[in-house]
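Here is a short briefing to read alongside the sequence and the 3D view. Take a moment to get your bearings, and then follow the topics below.

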Amino acid sequence: MDGPGADVAAFLLAGGKSTRMGADKAFVMLEGRTLLARALELARTVSDNVRIVGSAEKFAAFAPVVEDVFRECGPLGGIHAALRASVAELNLILAVDVPFVPAALLRYLVTRARSSNAIATVPRAGGGWQPLCAVYRRAFGDVAEGALRGGQYKIGALFGDAKVQAVEEQELAGAGFAATVFRNLNTPEELEAAREAGWAQNVAIGSGDGNSF
């Protein structure tokens with residue numbers, strides 16, 4: 001796939017509290033652009049239908065917005081809201097705070113999702129699942145809603161009972177993608193380290209707490 005696909009929607013999760021950063025991560029600047037601007041550009045390489053999951057008051061000026069149905073439930077609530085709002089069968093979910101993910105990886109994941117009937121196509125690298133850079137079919141919304149209603153908010157815990165296509169670290173490496181691309185920026189110190197190191201050289205920066213999902 002060389003360009004955006006009509007069968008794919010993309011959703012940016014931007015509703016986190018950014019407690020450790022001390023500022024809204026969506027608007028943090030890195031190499032002259034906000035993390036939100038970077039994520040929007042990335043998402044538009046796989047879909048012309050890109051929306052932000054978060055506060056309409058905060059984000060409506062940048063792209064169409066979807067707000068959580070289950071509020072204060074973390075990223076799983078955002079995934080649920082995205083899938084409930086989508087009419088596309090394949091839905092890329094991308095956290096706003098993973099600025100080292102290349103567009104080629106998103107296209108790779110979409111291609112893998114198209115070739116499978118799995119309910120989700122999720123990288124497993126760096127010690128665990130990477131559910132916030134993954135492709136979900138709409139049916140995963142039912143799985144998410146059942147979990148949310150039951151007070152279960154851990155995304156990875158849902159993958160055992162669902163038909164999930166894991167994209168393993170060895171496969172990613174063979175395709176040219178290092179596990180470090182999933183590192184996110186959580187603190188001012190990590191952000192400053194990224195700024196000092198420079199964009200292209202900095203794929204290993206970040207403590208990456210995404211594996212707790």
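**A covered strand and its surroundings**

Strand 6 (residues 90-95) is mostly covered, with 6 of its 6 residues buried (buried means under 20% relative accessible area, with a 1.4 Å probe and protein chains only; strands are DSSP runs of E, at least two residues, and helices are runs of H or I, at least four, numbered from the N terminus). This is a predicted model, where local features need pLDDT of at least 70 and side-chain atom pairs count only at pLDDT 80 or more, while totals for chains, interfaces and linings use all residues. Residues are numbered from 1 along each chain as its sequence is written, and side-chain values use heavy atoms, leaving out hydrogens and water.

**Strand 6 and its partners**
- L90, L92 and L94 are buried on one side of strand 6, and N91, I93 and A95 are buried on the other.
- Strand 1 (residues 8-13) runs parallel to strand 6, joined by 6 bridges (strands pair if DSSP finds at least two bridges between them); F11 has I93 as its bridge partner.
- Strand 9 (residues 133-137) runs antiparallel to strand 6, with 5 bridges, and C133 is the bridge partner of L94.

**Helix 4**
- The buried residues of helix 4 (residues 103-114) are A103, L105, L106, L109, V110 and A113.
- Seen down the axis of helix 4, these fall within an arc of 160 degrees, so they line one face (the arc uses directions from the helix axis to the C-beta atoms).
- Setting aside neighbours within four places in sequence, L105 is in contact with C133, L172, F177, V181 and F182 (contact means heavy atoms within 4.5 Å).

Terms used. Buried means under 20% relative accessible area, exposed over 50%, partly exposed in between (1.4 Å probe, protein chains only). The expected span of a helix is 1.5 Å times one less than its number of residues.
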